[in-house]
Amino acid sequence: MKYLSTFFLLLSAWLTASAQTDSTAYEVTGNMPVFYRQMKQQLTFPLAWGTAEETDFDAWKVRARNRLMECMENIPPAPEAYGLEVTDRERRDGYEARKIVFNLSGWCRVPAYLLVPDGEGPFPAIVLLHDHGAHFSIGKEKMVRPFHVAPEVMKDADQWVDRYYDGQYTGDYLARHGYVVLAVDALLWGERGRKEGASYDVQQALASNFLQMGTSWGAFIHMDDVRSAEFLASLPFVDKERVGCLGFSMGAYRSWMLGALTDAVRASASVCWMNTTEYLMTPTNNQNKGGSAYAMLVPGLRRYLDYPHVASIACPKPTLLFNGTRDKLFPVEGVNDAYREMESVWKSQGASDRLVTRLWDETHFFNREMQQAVLAFFDRWLKP
């Protein structure tokens, strides 16, 4: 009887412990801390226009941009000279495609595609900013048709353009309509990839190493984009007063960030990347999974500004944002909130006609009709 009592006591203790374990309030669920709502409530974005203490818009822009730059340190220095070299050429319909290499920063010399229209110039110009797609084998080739490349690269590019760009190379489309076009790989893509080959998981290790050196992979990409715009504006056949930027998906995020970061860019167009922290930081959104999100993170920035607040640093520049109502990556409610925030800023500066926001009946896709609308936007603001 004594042993039986002991057995029941042990069984009761085990069941109690099991019950306690099963009912424990774990502090991480999925990829999110269970207190993520409280964290979001503390993000009051005190540096947003209308919330910040500045009442002079120009003074606010300077302060907001400076804070953005502070959050991006440690950044590469500008190159002492670009050292532009043309390595290959191909004649196309109304323009020439060039392969070039140049010093993008004091640290990096990079290959790029440069498309130059026929004629005298100076021409308006566009910095093209490619997407992410967790597809690293190509970068610039997602938006400019490659030439004199291996068959597998050509096939890769054609398939990607069919999948996300409606079968049309956006850069070539713009060049045929009179724009100089520059396309450069972001770090980890294409010819700026990993010696051992890039993969989805590599992103976290790369981003971690950047963070441990006082900056971020995302900040590095943004500064490369700034240097690309400055390089493009320096070319003798480019009108530096008429330089724009365009991107899809991650490229769209890069595009409105570039408009905020530098006045070398006079107009920006962003397709399929705009939202708010409220709607992106949820248990089911793709942005919370890490991996690809690291390419679009600037540590500490959310303590001061949300996505539309950062984009508003570009005001009153002409700015276009398109999103899809069927795009599962960007909840429509968050898109509308972000659009309203930006519309209020451009309206406050008497520049409502310079902001174009539109929701399309579309998925995460840059179709030809959208591309035509983007061309019309640039023609309005970057052509005399």
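Mentor: Rings of Phe, Tyr and Trp (its six-membered ring) form a pair if their centres lie within 6.5 Å. This is a predicted model, in which local features need pLDDT of at least 70, side-chain atom pairs count only at pLDDT 80 or more, and totals for chains, interfaces and linings use all residues. Residues are numbered from 1 along each chain as its sequence is written, and side-chain values use heavy atoms, with hydrogens and water left out.

Trainee: How many aromatic pairs does the count come to by this rule?

Mentor: The count comes to 23 aromatic pairs.

Trainee: And which residues do ring pairs link into a cluster?

Mentor: Trp160, Tyr164, Tyr165, Phe248 and Phe366 are linked in that way.

Trainee: Which ring does the charged end of Arg302 sit over?

Mentor: The ring of Tyr307, with the charged end 4.1 Å from its centre. The rule requires NZ of Lys or CZ of Arg within 6 Å of the ring centre and within 35 degrees of the ring normal. Lys99 likewise has its charged end over the ring of Phe147, 5.2 Å from the centre.

Trainee: Turning to the sheet, what is the order of its strands?

Mentor: The open sheet has 9 strands in the order β3-β4-β5-β7-β6-β8-β9-β10-β11, with mixed pairing. Strands (E, at least two residues) are DSSP runs, numbered from the N terminus, and two of them pair if DSSP finds at least two bridges between them.

Trainee: Which strands stand at the edges?

Mentor: β3 (85–92) and β11 (355–360); each has a single partner strand, so one side of each is left without a neighbour in the sheet.

Trainee: In which sense do β8 and β9 pair, parallel or antiparallel?

Mentor: Strand β8 (residues 238–248) pairs with β9 (residues 267–271) in the parallel sense, over 5 bridges. Cys245 stands opposite Ser268 in β9.

Note on methods
Phe/Tyr/Trp six-rings, centres within 6.5 Å; stacked < 30°, edge-to-face > 60°. Helix = DSSP H or I, 4+ residues; strand = E, 2+ residues; numbered from the N terminus.
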